[in-house]
Amino acid sequence: MKTGAKILVESLQREGVDILFGYPGGVVLPIYDELYDSSLKHILVRHEQAAAHAADGYARASGKVGACLATSGPGACNLVTGIATAYMDSVPMVAITGQVPTSLLGNDAFQESDITGITLPITKHNYLLKDSRDVARVVKEAFFIAGTGRPGPVLIDIPKDVSTGVVDKFEYPDKVSLRGYNPTYKGHRRQIDKAIELIVKAERPVIYAGGGVICSNASAELVEFATLLSIPVTTTLMGIGCIPGDHPLNLGMLGMHGTEYANFAITESDLLIAIGARFDDRVIGKAEKFAPHAKIIHIDIDPAEIGKNKRVDVPIVGDTRLVLKDMLALIKKTGAKEAWLKRVKHWKQHHPLKYKKDDSLHPQYIIRQLSELVKGEAVIVSEVGQNQMWTAQWFSFKHPRTWITSGGLGTMGYGFPAAIGAHFARPDLPVFDIAGDGSIQMNIQEMGTAAANNIPVKIAILNNMYLGMVRQWQELFFDRRYSYTELPPVEFVKIANAYGIKGVKVESVDEVVPALKAALDCDGPFVMDFRIEREENVFPMVPAGAAINEMIGGHTPS
Amino acid sequence: MKPHTLSVLVENKAGVLSRVTGLFSRRGFNIESLAVGTCEEPGMSRITIVVIGDDEKIEQVMKQLNKLIDIIKVTDLTENERVERELAMIKVSAEPGTSRAEIMQIAQIFRAQIIDVGAKSVILQVVGDTDKIDALEKLLRQYGVKELVRTGRIGMLRGTKTVGVGR
Ligand SMILES: Cc1ncc(C[n+]2csc(CCOP(=O)(O)OP(=O)(O)O)c2C)c(N)n1
């Protein structure tokens, strides 16, 4: 005889969950009571949004399914932004919420909210349990759905009486049977043959790699494939890390804040090989002018992404790793396209990313110093805005799953809690949250979580006393009318100190490296308040809706 | 842009209809007609949806539907030889006398049945495709249509082909 709550906790453990991020409340008391003497580790956050982001950060850094827990009503609603963030970036996560007892459902009971209704459009699937006997099966299904195919968040809503209800026999199912869910993993052979034919014939091929490569752990295969055929690779924001930053074929990020050489290469290419990417508007700009001369091969596990924003010539539905493996087995080394590689190299040399090198404190410099200090052996998480783009542009990543950022939803406040989650996935690596002074204040209360559990996340605040990215748009497109984007100065070190966290304020260039070293040397959390050049911009920049080779702060291809 | 009739086989579970309709409104597809009922498979239901859009939109909506876990199979009937029907009930003002006789005559031509006769009105029941029902309604207008209710459209492939799970 076991209660629903006990079965839940045991089921989570059977799924290999070793850490749960959560926050208690009335209807989850039976679950919390089970956690009290369970070996399942629980981290008490300071806001449920952080629980969702931490589970997400854990999932992205580890490749496993993350898990979080909240009470009904306000608790569940506070998870929403975190669930939506995970959904947009295809992150495997299971969110568990308490619910009012089934007898009160639909009665506007105290702390009742229809969280399955609310999360319908932002979950891969969700469940409202009505019977304690379903707990084990649903947990099994939820983890299966979250972690397979195109990953995504799944929510399980558990009414209080389902938690307290007693079940005679508990058997954890070892299989799921879902007749409406059969992801395609293996690419269609005929399509693969067609793709190979195009690749062999192409003179100016480019690989456009996205988060799908990271998701399916296809980075090694991708690098092998690109190297074998000498095809330059550009990555989306989500794809960063799938090829080392210093790899000669790596063109960096493409799109709105992409490198000029990546955008030029796309524009001139005659074959675009899109792998685990979804032709997002921030990447492709004006759709008709994106890769206008190229035939397109699109490899993706989600058939709905193929042909959604751009017509493709060879669609291949499948797991990017398996498809790349199949292609590698079939394709032979081709002669390198020397003229094309030379052209790309020329762009790389003549259109590098740049910033003004003078005595003032430039954020790009800070990121470069950090990059050189850790040499790719760190997990770098970002918030959203300029801080995110500078990191994407200037940090040289070495491994997949070491770059963690909210791409699709662009959630300010994501970084710090996600970094906390990432630490539990990779306790062997230092974890940095690169933040803006706006974003960090969206979940700054998590300093409480970091301090209480001595979670050694290093927060590097690129403090420009502005909502920098919005200010940049106002500067460029709204006549410098800085409407509500200035933030009064905050002494972040003092806030950190109040939580019992060490920190340092940095105001000049020569203090940067010592501050970064102090952060690395500190065995607990650490805050760096970098007072950067206030009106620094992120360049190059493609204005929204323009062609990606029409960049501000860049030049025309030479 | 033409109407497509999608036949969607779903798990017969709570909330499945809102998953389907929510997806349509969220992605900006208008549902022209909707019919839901049990079907030949135990534990499953069939939803028939008529949606207007160009081929790419329809392909996208079908792919998105297929992603829903509780959806088992999606078929576009429009690409095949098929039969489609709707049922309507129409309550018409019909004072005893000439107008009532005329209404009876119209009903006969349309093979509609009179399923209720009141002192001042009658209810007609008609089965047919959308055009037929529209035509009947138009003809009855002059007598005064007090109420009209129609089901969503349902459809089936002609011949031995089916849109079921197959065995
Ligand atoms: C939750 C949320 N609210 C609003 C925005 C819109 N937004 C995007 S970037 C940005 C400014 C971010 O400012 P800050 O965190 O200081 O970073 P900076 O751009 O200065 O590096 C805002 C407000 C957002 N992305 N997320």
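Begin by selecting Phe492(A), which belongs to helix α21 (residues 492-498) of chain A, where helices (H or I, at least four residues) and strands (E, at least two) are DSSP runs numbered from the N terminus. What you have open is a predicted model, in which local features need pLDDT of at least 70, side-chain atom pairs count only at pLDDT 80 or more, and totals for chains, interfaces and linings use all residues. Residues are numbered from 1 along each chain as its sequence is written, chains are lettered from A and ligands numbered from 1 in the order in which they are written, and side-chain values use heavy atoms, with hydrogens and water left out.

With a relative accessible area of 1%, Phe492(A) is buried; buried means under 20% relative accessible area, exposed over 50%, and partly exposed in between (1.4 Å probe, protein chains only). Show its contacts next (heavy atoms within 4.5 Å): leaving aside residues up to four places away in sequence, Phe492(A) touches, among others, Ile440(A), Ile444(A), Ile461(A) and Val527(A). For a distance check, pick Gly468(A), which lies 24 residues from Phe492(A) along the chain, with 17 Å between their C-alpha atoms.

Strands count as paired if DSSP finds at least two bridges between them. Strand β1 (residues 2-11) of chain B runs antiparallel to β3(B), with 10 bridges joining them, and here Lys2(B) stands opposite Gly53(B). Strand β2 (residues 31-38) of chain B is also antiparallel to β3(B), through 7 bridges, and Ser33(B) has Val50(B) as its bridge partner. In the hairpin of β2(B) and β3(B), which has 5 residues between the strands, look for Gly43(B), whose phi is positive, near 80 degrees.

From there, select Glu40(B) and Arg46(B), which form a salt bridge with their closest N and O atoms 3.0 Å apart; the rule asks for a side-chain nitrogen of Lys or Arg within 4 Å of a carboxyl oxygen of Asp or Glu. Glu40(B) is partly exposed at 47% relative accessible area, whereas Arg46(B), at 17%, counts as buried. Elsewhere in chain B, salt bridges that share partners join Arg82(B), Glu84(B), Glu86(B), Asp134(B), Arg150(B) and Arg153(B) into one network.

Return to chain A and centre on Glu305(A), which is buried at 6% relative accessibility. Arg150(A) forms a salt bridge with Glu305(A) at 2.8 Å between the closest N and O atoms; because Arg150(A) lies in the loop between α6 (135-147) and β7 (153-159) and Glu305(A) in the loop between β13 (295-300) and β14 (314-317), the pair ties together parts of chain A that are 155 residues apart in sequence. Lys308(A) also forms a salt bridge with Glu305(A), at 3.1 Å.

Finish at the contact between the chains, to which chain A gives 16 residues and chain B 17 residues. The area buried there is about 1400 Å², with 50% given by carbon and sulfur atoms; buried area is the accessible area (1.4 Å probe) that two parts lose on being put together, summed over both. Of the area that chain A buries against chain B, Leu120(A), His125(A) and Arg179(A) supply 38%, more than any other three residues. The rule finds 2 salt bridges across this interface, and Lys67(B) forms a salt bridge with Asp302(A), their closest N and O atoms being 2.5 Å apart.
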